[in-house]
Amino acid sequence: MSRSTNLSEAKLVRAAPVFAALGDPTRLRLVARLCRDGPLSIARLSESSDVTRQAVTKHLHALSKAGLVCGRRRGRESIWELELQRLKLARASLNQISQQWDAAIGRLKAFVEK
Amino acid sequence: MSETDRIEKKVTLRAPRSRVWRAIANADQFGEWFGVKLEAVFAPGITVRGKITYPGYEHLTMEMMVERIEPETYFAYRWHPYAIQPGVDYSAEPTTLVEFRLEEVEGGTLLTIVESGFDQIPAARRAEAFRMNEQGWAVQTRNIEKYVSEH
């Protein structure tokens, strides 16, 4: 078996739980909602849906196990968001700070080399 | 440590190590290139404050909690990396650690800057700061457009 086939096999194995987690209309709806509206509490996620809060919580944990969403506590409630968005935002904000450092280093260089 | 936790910068400066050290560890000189008017000298355990002088950020005050100083070799402080909203008390929030390392190399000084601890900062704070900065850039771009179209 070639190396590339092995790699794609590994990727398939890793991806399977993600698709399994998405293979449910309620969970797919939750992902779509988080995608559209950003981080939301369980209360907000259960509004305008005929699914109970307990069921939403259970579905969110299933999505979390597949690495699709993550929750964090804010006061007495949990806020849930897409893992991908969290990563994207973290990277983007780090890039911004990185650029600010580049600019500061440019000024330091001019300052000590003059 | 995750890939989004730290920033590392390396630069070789064509200046003797003692010169680079003064530019970093002397608060007045630090302020000159960084763009801040600091009100005290750097000493371990001391918090030094100052008004930002960098254009566009003059409404902000910066706070540096000095951690450790090893002459001509190492300087480290902590601060609030996303403290860009006036009137907000950031003191209870986690900080990032900024470290400067100096090394003598041929032709000058190798400076390594590491800022770490970003993953401790609440995601909401990162998002908010990012959006504010993005807005800042959008405003700057419009200013440039305006200037160019009028001149």
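How much area is buried between chain A and chain B? About 2,800 Å² is buried between the two chains, with carbon and sulfur atoms giving 67% of that area, where buried area is the accessible area (1.4 Å probe) that two parts lose on being put together, summed over both.

This is a predicted model, in which local features need pLDDT of at least 70 and side-chain atom pairs count only at pLDDT 80 or more, while totals for chains, interfaces and linings use all residues. Residues are numbered from 1 along each chain as its sequence is written, chains are lettered from A and ligands numbered from 1 in the order in which they are written, and side-chain values use heavy atoms, with hydrogens and water left out.

Select the interface next: 23 residues of chain A and 37 residues of chain B take part in the contact, contact meaning heavy atoms within 4.5 Å. Within chain A, pick A:Leu94, A:Trp101 and A:Phe111, which supply 25% of the area that chain A buries against chain B, more than any other three residues.

Of the 151 residues of chain B, 43% are buried, that is, under 20% relative accessible area (1.4 Å probe, protein chains only).

Conventions
Buried means under 20% relative accessible area, exposed over 50%, partly exposed in between (1.4 Å probe, protein chains only).
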